[in-house]
Amino acid sequence: MTALLEVSEITVRFGGVRALTGVNMQVAEGSVHGLIGPNGAGKTTLLNCIGRVIEPTEGRLVFARDDLRARPTHDLARLGVARTFQNLALMDDRTVLDNVLVGLRRAGGFTLHDFLPTRRRFALEAEDRATALAALAQVDLQQFAHQKIGKLPYGYRKSIEIARALCTRPRLLMLDEPTAGLNPTEMDQLGIAVRRMRETLGLTVLLITHHIEFLLEVADRVTVLDLGCVIADGAPDLVHTDARVRAAYLGADE
């Protein structure tokens with residue numbers, strides 16, 4: 001399969017501390033790629049490099065043959081890169097639909113829509129609502145579109161943030177710990193949503209998770225980090241078969 005994202009020799013230093021050292025990874029287009037490792041392994045740091053939140057000290061990041069290091073953060077959505085974060089940034093006093101629409105335009109203040117003739121503005125706003133509802137359908141939450149977010153369970157809130165990221169119509173969706181805090185039923189629903197996004201949208205997904213069973217269920221390939229270095233890369237079952245992974249991530253006796 002063709003690589004949509006190529007990470008080559010990425011190194012990140014914070015003062016005298018190396019958070020990542022010579023990391024290489026290829027994410028195939030149309031795949032679900034897992035990124036795992038113990039706490040402090042550098043997983044979120046790597047996502048932050050790809051998302052242009054952190055500038056790597058060394059290395060290359062190529063997305064669809066485009067040099068990401070030459071692009072500012074605000075260019076990523078246009079290129080087709082979207083992500084979620086571990087800490088949710090949702091507005092509890094607004095509806096689910098309002099929160100998802102933030103993925104299409106800024107909440108509050110002026111937008112380009114405000115300067116258009118009334119008829120055209122209404123048409124674009126209707127188009128945005130349709131896009132947001134379609135994104136909610138991908139995570140099976142369209143029936144909650146007009147409910148306030150503050151009244152919904154935590155697992156739903158995680159899925160709402162994914163729907164918001166989908167509104168930009170990305171080619172690559174990066175999910176940082178989407179399974180954190182979910183119960184088994186919510187995790188099953190998330191797995192269904194991830195597979196649906198790949199199949200119906202042709203989406204490529206790069207996700208961080210500590211839940212091995214979820215990873216085995218949804219991932220096509222896995223990269224394992226430990227102490228900022230890649231220690232394994234391959235089929236998901238390497239989390240059980242690779243001695244280095246068992247020692248670093250699951251524990252030597254697992």
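User: How do the axes of helix H5 and helix H6 cross?

Analyst: Axes are lines fitted to C-alpha atoms, for helices over the stretch in contact, with angles from 0 to 180 degrees between N-to-C directions. Helices are DSSP runs (H or I, at least four residues) numbered from the N terminus, and strands are runs of E of at least two. In this predicted model, local features need pLDDT of at least 70 and side-chain atom pairs count only at pLDDT 80 or more, while totals for chains, interfaces and linings use all residues. Residues are numbered from 1 along each chain, and side-chain values use heavy atoms, without hydrogens and water. The axes of H5 (residues 154-166) and H6 (residues 184-201) come within 10 Å and cross at roughly 15°. The two helices are therefore roughly parallel (angles under 35 degrees).

User: Which residues of H5 and H6 meet?

Analyst: Contact means heavy atoms within 4.5 Å. Gly155, Ile162 and Leu166 of H5 meet Glu186, Leu190, Met197 and Leu201 of H6.

User: How many salt bridges are there?

Analyst: A salt bridge places a side-chain nitrogen of Lys or Arg within 4 Å of a carboxyl oxygen of Asp or Glu. The count by this rule is 15. One of them joins Glu161 and Arg164 (3.9 Å, N to O), both in H5 and three residues apart, about one turn of the helix.

User: Are Glu161 and Arg164 buried or exposed?

Analyst: Relative accessible area under 20% means buried, over 50% exposed, and in between partly exposed (1.4 Å probe, protein chains only). Both Glu161 and Arg164 are buried.

Notes:
Angles under 35 degrees count as roughly parallel, over 145 as roughly antiparallel, 65 to 115 as roughly perpendicular and the rest as oblique.
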